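Here is a short report for a first look. Take a moment with the sequence and the structure before reading on.

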Amino acid sequence: MAKKTKLKIDLNLDSIKIKSVSIDSNGDYHIYVSCTANSTLCNKCGNKTTQSHGQCDESIIEHLPIFDHCVYIHVKWPRFKCDNCDSNNSTTSFKPKWVNATGNKTREYENYCLKFLINSTIKDVSEKLNTTEEVIEGIITRNIKTKINWAEVNPTIIGLDEIALRKGHSHYVTIVSNLSVNKEVKILGVIDGNSRDDILPFLKSIPEDILLSLEGITIDMGASYFSALKELIKDVDRFNRIVTIDRFHVAKLLGDKVDKERKKIVKQLKLEFENDDDKLESIKGTMWPFRHHRNDLGKEGNNKLDKLFELAPSLKECYNLREELYEIFELEGLSKEDAKDKIDRWCKKANKFETKGFNPFTSFTKTYGNFEENILNYFTNRISSGPVEGLNNKIKVIKRRGFGFRNLTNFAKRIFLDINYKSALLPTPTN
Ligand SMILES: [Zn+2]
């Protein structure tokens, strides 16, 4: 009976032969093997050497678990002496490719740990795999490379975005991502800082041919990406053609200006109608509807806006002007030239708008003037930063989960692991 339930498992590891297998009191497997290699490459000169020279001490190498029990391979690797380098008395011990750099885990085991790490903390994984956090950290350090192979990725569109490392701190990190059309969004770099000098070394590490084939680079206008890219792309025409200010950052800039005006006016109204409960009720809870498009608001939200605008007609004008510009960006198939005309007309109108001697739009239209070419590039390449939003959310989760990242390198490695390695390691869901 028992015989029929036995399962033969192929270890699938080369250069070894199994001598015996035992199971200890924990149920863990110990596989004793001998090495079948009869040569190795000399550590010093790289030549093949066949002159056997004893054995190393026993190595115990952890491999993938079997039925939730640990698997250890016990082996004494042979040593070889090199004829070329004999005068130095140097020997090289044999080590197959399936053993990791530290010699005590198989590479398959390390991959297995990495798979567990995706969307989990180091602590969780070390507990589940019954090992220490140091071991898991070592696996990340050895296996996750944060240096991109540009030729392999060959991006046509890249994005630069800043994120705050911790809330309320001014420590920023720049995320460089691959936004090429029809490609999954991937991380190209995680840079400490967001100043021109922080990011220039990375930008300068992009190979010339990749740089020349880029069709778009999206940035926000707040950070110093603009000046860094100017330094990188000396050809002004080309700069004006490919550097694109992300439309959502434009919308946010305008939204913030208009919202400041709302705050100011609402404050005035509250003072004016201090003793009028009905009117105070109309002012209450208008922030949310004011910040959204009419179409996205329900009946209640629209009513709230109408009541607010009855009390403050200038705010209505302000809101409508904001929405007018947003709508231009939503128009499908609008050419860059037509967009320029429309926005120029909008700017003229916005510059005329004034409440009590104040114009909330002037600083926006001035900024628009400074970045006009690059803002309008959206209408040429139509790069959507939608995928970047998803990416940013993932990074936020990593940030929260990794509370207490000891340094940026660890944080960067986690971003690379969770975002870039995911599809490579895990099967794609089929539903
Ligand atoms: Zn040698």
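## Domains

Domain bounds here come from an automatic or database domain assignment. That assignment gives domain 1 (2-143), domain 2 (150-246 + 384-425) and domain 3 (248-381). The C-alpha centres of domain 1 and domain 3 lie 64 Å apart.

This is a predicted model: local features need pLDDT of at least 70, side-chain atom pairs count only at pLDDT 80 or more, and totals for chains, interfaces and linings use all residues. Residues are numbered from 1 along each chain as its sequence is written.

## Helices α13 and α14

Helices (DSSP runs of H or I, at least four residues) are numbered from the N terminus. Helix α13 covers residues 313-330 and helix α14 residues 336-352. Their axes, lines fitted to C-alpha atoms over the stretch in contact, come within 10 Å and cross at roughly 170°. Angles run from 0 to 180 degrees between N-to-C directions, and those over 145 count as roughly antiparallel. So α13 and α14 are roughly antiparallel to each other.

Contact means C-beta atoms, placed from the backbone, within 7 Å. L321, E324, L325 and I328 in α13 meet residues of α14, including W346 and K349.

## Helices α14 and α15

Helix α15 spans residues 362-376. α14 and α15 pack at about 175°, with axes 10 Å apart. They are therefore roughly antiparallel too. On the α15 side, T362, T365, Y368 and L376 make the contact.

## K260

K260 sits in helix α9 (residues 247-272). Is K260 buried or exposed? K260 is exposed (12 or fewer other C-beta atoms within 10 Å of its own), with 11. The C-alpha atoms of K260 and P360 are 8.1 Å apart, though 100 residues separate them along the chain.

Note on methods
Helix = DSSP H or I, 4+ residues; strand = E, 2+ residues; numbered from the N terminus. Parallel < 35°, antiparallel > 145°, perpendicular 65-115°, else oblique. Contact = placed C-beta atoms within 7 Å. Buried ≥ 20, exposed ≤ 12 C-beta atoms within 10 Å, placed from the backbone.
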